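Here are a few exercises to work through with the model open beside you. Try each task before reading its solution.

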Amino acid sequence: MPLLGGVRPPIAALLCALLVVAAFFAVGLGTVHQHDVPQAVSDAERQIAADAALSVATSVNARATALRRTTASVTPAAGSTPAQVMKSLPPARSSAGRSVQGGVLLAPDTGKRLAAGGEPVPLTGLDVAALARSDAGEIAPRLVTSANGTPRLLLFARVTVPARGHDKDENADQAPDLNEGPGSGERAFLLVVSEKLLAPQAYGGGRTGQLLDRNGKVLATTADGGPVRGDTGAHHLLTAVANAAKAGPRTAGSAGSLLGDSHHGLRRVAGWASVAEADGKDETSGLGLTVLTFRDVPPAKGGPDYTRFALVAAAVLVVIAALVTVALWGAVQRPLLRLHLSAARLAKGAAETPEAREELSRPVPVPPLGELGTVGRALESMRRQLLGESEPESVRPVRRRPGVRSVILICALLIAAWGVPLLFLVNRVQAGKAVPAATVADQQARTEAAADRVRQSLDESYTDLTTVATTLSGQSRERTADVLRRALAGHAKYRSLYVLDHTGAILTRVGEEPLRTLVHAPTGSGITRVNTSGRIPSIAAYAQIPSARTARDAAPAVLFAEIDVNALNSLLSRPGLGSVWLTDEHHRVLAASVGFQAFQALPSQGFTRLVAKTEAAPGNAGSPVSTVLRAETTPGAGPSVAAAAPLARTGRAAGLDWRVVSAEPAMALKLTAYQAQSRTMLAGLLALAAGIACLGWLHIVVVRPLRALAGCAQRLADGDRRTVLYPVHHDECGSVTRSLELLRQALADRGRGDGANPASASAQSSRCESAPGSQRIN
């Protein structure tokens, strides 16, 4: 019967596993080389470009939505002429310091210009008639070029004017294309607003940000410290970015990084990202815009070459694998196979034939190790008994010898001598020296961008709320509730809208139950925190409702909008930025990209001290800072690249003294030192895992059955003829057990034939090999 399993598979598996680990270590660590621009710096630039693209997309979406919302909130007088309608729409008028440049009112059927304001709106190349007749509720923005070659963003909104009646007035001939007829009751216009294309915000010293069209043409440029013009060094990057952006789906949020040429001892690193949401359904999907950011960084100095160390360590592991294999083969596998053959020969020789007697003439080789030696001596004793010796000889060893477990332990120690140093000692990284200054600066720049996203969201909430508050002036409570319901439906980030009287009591509310615990009616308008305890922190925008002296049932004085904390959490979460927290003036967490408890302190004192460095004199928002926090200052997290930035220096959130704090584990950065450390640790862990698994496998399938087999063989040689041996496995130990059972039967038969007592002492039932049990025959 062929042998299945046994001693050979775990030894072969151990050899193969150690050789694979050695090859992995030689290739994995040997390919780690220091580049002049670390991969972490390139990845950070790509992520910075993606953050800037997100900011541009958010700005365009917000401006398009604000135009529609503001236009819908204005109701021109019934029967107004197009010129009067144009004057009543604030978004259509050019205003200094704002992005709006001009507006035009189009007839709904023909697209004819009826009225205009500000600079001329460039409509060349657009099918304005088709746009005006379109049944789509919302028309996506368009990118056009003005007469002087300046790029402009066109935003669209519907304007509805109540009709005066069926009678035409004297101005009817001025608007022959109006959608007015018997029973129409209203007239519809299409408002087109021309706005500047705002350049992406470039955070970080020396960084340039550019907005490109689908052909790689620069539409807007900004840099830290002011606009940049005529940068010929970036020309090749523009072409490369345009080609890369065209190669991938523009609506899939594609992004990448590029390396420019070296000049003046610096290397240019660039990142690009498409200005579009991943689902391709936002306002910017059809614009074909791409954001390019770049800056010059000093090349990294030559780092250590890990190739030689990897080859030497891999060679040492190969030698250890060979030694372990030879040791297990010579001390366990070969003796066990010889015992298997010897036991089978003796079982064959137990037959009463002349040929069988020849099998008993050869002595059994006795291995030197404990359990194997015990089985060998027992077989030799039974061979002599089969040859006619009168009494069995005791096979108990004179002195205790090392067994198979000792060999396995020595092999485990050899593997551990290679794996443990790699896991805990070799190629350790000092965080302060391994992280380049450019990576620390990039973490600060991204933290500033995160703070700016939160600031923009809060400012937009305040602006929208102010518009809603204006419409509530002089309205009844029923009308107020209706306006608040529509506002809540149009703002997904609001969780609750309510109005307060002068005592702070809530008179009208829509949405969820307010979380506020600060009962007061503040003066003025702005952003505030409305609770200091509870399970969920709550931030709210508030605005004063203009009073209406003639209204008998006027609305209360203050309108509040509590912002959903999940909306703020999503603004803080960005790939590669790590954990991000929004804290109040007392360094308590109000929102975070990771799980947190409301109003908890920052995770460690290292972050608290970092936030304290951003504080400045009263009335000053402070400055952003960044550093590498050692593992001692961030317990359980290891070294981290951390940064903190004020939430806002301008706007309604400037006086809150809130901070945005971020921390990215240094191990997560694609730096050469950390790559070498992680691959070294992985190789050590794999070697230890392979050794434990294979040697444990060997212990289960060989050592434990062999120890039980040695006891059974010893008792059988000492004269026990009543304990039946049950082989279970088809391996070497199982084969020896089957042979021992045949020998027991032969010796028992001879004992009965000679009338002798087969056992000189009382034999005890025992469990042999891995059998479920043994049976005593009476």
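**Exercise 1.** This model is predicted. Work out how the residues of the lining of the second largest cavity divide by class.

*Solution.* Next, list the lining, which consists of C712, R715, L716, D720, T723, L725 and R744. Sorting these names, C712, L716 and L725 are the nonpolar ones, T723 is polar, and R715, D720 and R744 are charged. Finally, look at the source of the residues: α15 gives the most to this lining, with three residues. The space in this second largest cavity is about 50 Å³.

**Exercise 2.** Find which helix gives the most to the lining of the largest cavity.

*Solution.* First, a search of the whole structure finds two cavities of 30 Å³ or more, and the largest holds about 120 Å³ of space. Then check the helices: α2 (39–73) and α11 (437–471) each supply at least two lining residues. Of the lining, α11 gives the most, with five residues. By class, the lining has six nonpolar, two polar and four charged residues.

**Exercise 3.** Decide how helices α1 and α15 run relative to each other: roughly parallel or roughly antiparallel?

*Solution.* Begin with the geometry: α1 (residues 8–30) and α15 (residues 672–717) pack at an angle of about 180°, and their axes are 9 Å apart. Angles over 145 degrees count as roughly antiparallel, and therefore α1 and α15 are roughly antiparallel to each other. To finish, their contact has 22 nonpolar, three polar and one charged residues.

Note on methods:
Residues are numbered from 1 along each chain as its sequence is written. This is a predicted model: local features need pLDDT of at least 70, side-chain atom pairs count only at pLDDT 80 or more; totals for chains, interfaces and linings use all residues. Side-chain values use heavy atoms; hydrogens and water are left out. Axes are lines fitted to C-alpha atoms, for helices over the stretch in contact, and angles run from 0 to 180 degrees between N-to-C directions. Helices (H or I, at least four residues) and strands (E, at least two) are DSSP runs, numbered from the N terminus. Angles under 35 degrees count as roughly parallel, over 145 as roughly antiparallel, 65 to 115 as roughly perpendicular and the rest as oblique. On a 1 Å grid over the protein atoms alone, a cavity is a set of points where a 1.4 Å probe fits but cannot get out, and a pocket is an open set with protein on both sides within 12 Å along at least five of seven lines; lining residues have an atom within 4 Å of a point. Grid points are joined across faces, edges and corners, and a volume is the space filled by probe spheres set on the points.
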